[in-house]
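Please examine the sequence and the model shown below before reading on. The explanation is written for a reader new to protein structure.

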Amino acid sequence: MSSNVNLNKQQPANSPSYKKTWKQSTKDHISGYLYISPFFIIFGVFGVFPIIFTAWISFHKWNILGTKEFVGLRNYQLLFTDDPLFWKALGNTFSIWFISTLPQLFLALILAFILNSAFVKGKQFFRLAVFLPNITSVVAVAIIFGAIFGQQYGILNYLLSFFGIEPINWQGTYWGTHLAISSMVMWRWTGYNAIIYLAALQSIPKDLYEAARIDGASKAQQLFHITIPMIRPMIIFTVILSTIGGMQIFAEPLMFSGPGGGAMDQGLTMTLYLYEEAFTRNSFGYASAIAWVLFLIIVLFSLVNLFVTRRIKSAE
Amino acid sequence: MKEVGVKWYSPGKIITYLLLIIITFLSIFPFYWMFVIGSHHTSAVNKFPPAMLPGANFFENAGKVFDNIQFFQAIINSVIASTAITAAVLFFCSLSGFAFAKLNFKWKNGLFVFIIATMMVPSQLGLIPSYMIISKLGWINSLNAIIVPAMVNAFGVFWMRQYIMATIPNELMDAGRIDGCSNFRLYWSVVLPSVRPAMATLGLITFMNVWNDFLWPLVVLKDRSVHTIQIALRTLNGAYYQDFAMILAGTFMATVPILIVFLMFSKQFISGLTEGSVKN
């Protein structure tokens with residue numbers, strides 16, 4: 001009996017405060033699940049279900065008019081062994097990604113350092129100016145750059161003529177197309193990445209540098225031992241983001257090279273190929289297989305990038 | 001920060017400013033050139049060297065744009081879709097963010113990690129079945145097709161959760177509860193007024209993303225009357241490939257609205273973006 005009383009004192013089951021916490025926890029559960037449910041409903045319908053269904057379709061031969069025919073892994077087999085277009089699209093995607101991402105992130109980093117240096121005046125203006133391209137739509141960018149990279153009347157060939165360089169057929173050649181599309185990507189995203197890096201730079205505590213200076217560290221040592229390791233998470237973030245973005249590149253090649261990716265398929269990217277198969281040729285089964293392979297490549301490639309960028313730290 | 005011995009015209013500073021000016025020029029030039037070409041007669045465009053100063057034919061070109069695409073209808077469609085999605089995203093994402101930041105429920109952390117992980121999934125993966133769902137719902141050629149799937153997104157939930165966690169003290173929640181506030185009341189009267197800066201940034205990001213979206217609207221909005229401005233621009237570019245002056249006049253007119261929105265909120269936006277990433 002006495003132990004019971006003691007227990008009651010520790011956990012006063014009937015006291016108002018216990019009742020209140022119990023009620024609060026129930027309330028939190030009900031409202032918690034209710035408030036997060038919109039995401040799960042929408043993602044369930046337009047995210048999870050389509051992904052699974054895509055996998056199922058990819059095992060079929062199906063154009064939207066006829067009936068589905070189960071073919072097992074045939075689509076995938078065809079994709080890997082007997083489809084030069086797929087390999088071309090894969091190569092184009094990687095080439096464009098590489099040409100655009102590397103200089104872009106490097107330039108963004110330099111730009112962030114500059115915008116973070118104490119003596120630069122008018123930072124607000126410069127930040128705004130370099131960010132401006134990012135708000136422009138891909139379609140607009142592709143149209144403008146299509147004009148800039150025009151063979152006959154393009155402004156770029158005009159500039160090159162000053163250096164005695166013959167007009168380049170940007171649209172009709174493999175490298176020309178890749179460079180033009182990459183420059184669109186670079187133009188749109190360099191400023192964005194610079195702002196992200198700038199934010200990371202500004203979050204580094206100043207006393208870290210002071211301590212380093214007192215210890216006699218040079219500017220270069222400060223850069224490699226403080227700055228780079230401190231903004232590493234942001235570098236990883238931007239690399240992953242530009243990888244995902246680069247693998248999905250679609251509107252730029254569609255607008256610049258036309259629906260099929262040009263006469264030599266020089267602008268055919270993975271997503272453009274997927275779109276063409278699905279909505280031009282109506283081979284939904286094959287397109288679904290492309291979609292899944294694209295997804296796996298993105299995951300794999302993101303992981304490789306994560307691994308590589310993580311090693312930046314071990315340079316210490 | 002004044003360093004002794006560094007003159008204002010030191011080579012380092014000159015190179016720095018030169019680099020900044022070049023990059024700024026490269027960033028802004030295409031906007032300017034779009035207007036230059038858009039304001040010339042097409043025949044003037046096809047000459048060497050290209051025009052560098054604005055011409056006098058902008059309104060003529062604009063008129064041709066209106067003849068070829070339903071420009072204003074497309075702008076209105078874009079405004080409707082962007083506004084509806086932005087409003088929905090702000091409401092649902094802040095509500096979810098509040099739940100993840102301030103309410104205790106089972107599997108909370110696991111569910112949150114799941115939401116973050118979904119950001120990795122490319123939207124094209126489910127393109128075909130999504131198209132089939134939309135067509136079953138009868139939403140092909142309806143703005144619903146782009147509004148409903150975009151009403152809430154993982155980034156927004158993540159963004160609002162981070163901000164609410166960082167800025168709203170738990171004591172404030174407790175104080176509200178003692179006063180008898182329900183959870184929704186806490187969200188509506190305590191949290192919402194305090195997260196306006198984060199809402200403004202998220203709202204602007206969402207608005208611009210929807211405005212500039214291309215692939216999904218291209219798939220589901222086939223009829224001209226429901227085209228968003230990006231799809232309309234694409235038609236313009238595809239059908240009248242030769243008339244660069246008209247195409248760029250159209251591109252210019254389509255860029256101006258989003259440019260105005262951005263410049264109006266730019267200060268808020270860039271500082272929000274900078275602050276937000278600091279908190280990660």
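The paragraphs that follow treat a pair of helices, several aromatic rings and one threonine.

This is a predicted model, in which local features need pLDDT of at least 70 and side-chain atom pairs count only at pLDDT 80 or more, while totals for chains, interfaces and linings use all residues. Residues are numbered from 1 along each chain as its sequence is written, chains are lettered from A and ligands numbered from 1 in the order in which they are written, and side-chain values use heavy atoms, with hydrogens and water left out.

Two packed helices are described by the angle between their axes and the distance between the axes. In chain A, helix H12 (residues 270-280) packs against helix H13 (residues 284-310) at an angle of about 160°, and their axes are 8 Å apart. Helices here are DSSP runs of H or I with at least four residues, numbered from the N terminus; axes are lines fitted to C-alpha atoms over the stretch in contact, and angles run from 0 to 180 degrees between N-to-C directions. The angle makes H12(A) roughly antiparallel to H13(A), a term for angles over 145 degrees.

Over all chains, the structure holds 53 aromatic pairs, that is, rings of Phe, Tyr and Trp (its six-membered ring) whose centres lie within 6.5 Å; planes over 60 degrees apart count as edge-to-face. The rings of Tyr33(A) and Phe105(B) have centres 5.2 Å apart and planes at 65°, so this pair is edge-to-face. The pair crosses between chains, from helix H2 (residues 16-57) of chain A to the loop between helix H4 (71-102) and helix H5 (108-118) of chain B. Tyr33(A) is partly exposed at 30% relative accessibility, whereas Phe105(B), at 6%, is buried; buried means under 20% relative accessible area, exposed over 50%, and partly exposed in between (1.4 Å probe, protein chains only).

Where does Thr54(A) lie? Thr54(A) is found in helix H2 of chain A, and its relative accessible area of 1% makes it buried. Leaving aside neighbours within four places in sequence, Thr54(A) is in contact with residues including Ala291(A), Trp292(A) and Leu125(B).

Conventions:
Helices (H or I, at least four residues) and strands (E, at least two) are DSSP runs, numbered from the N terminus. Angles under 35 degrees count as roughly parallel, over 145 as roughly antiparallel, 65 to 115 as roughly perpendicular and the rest as oblique. Rings of Phe, Tyr and Trp (its six-membered ring) pair if their centres lie within 6.5 Å; planes under 30 degrees apart count as stacked, over 60 as edge-to-face and the rest as tilted. Contact means heavy atoms within 4.5 Å.
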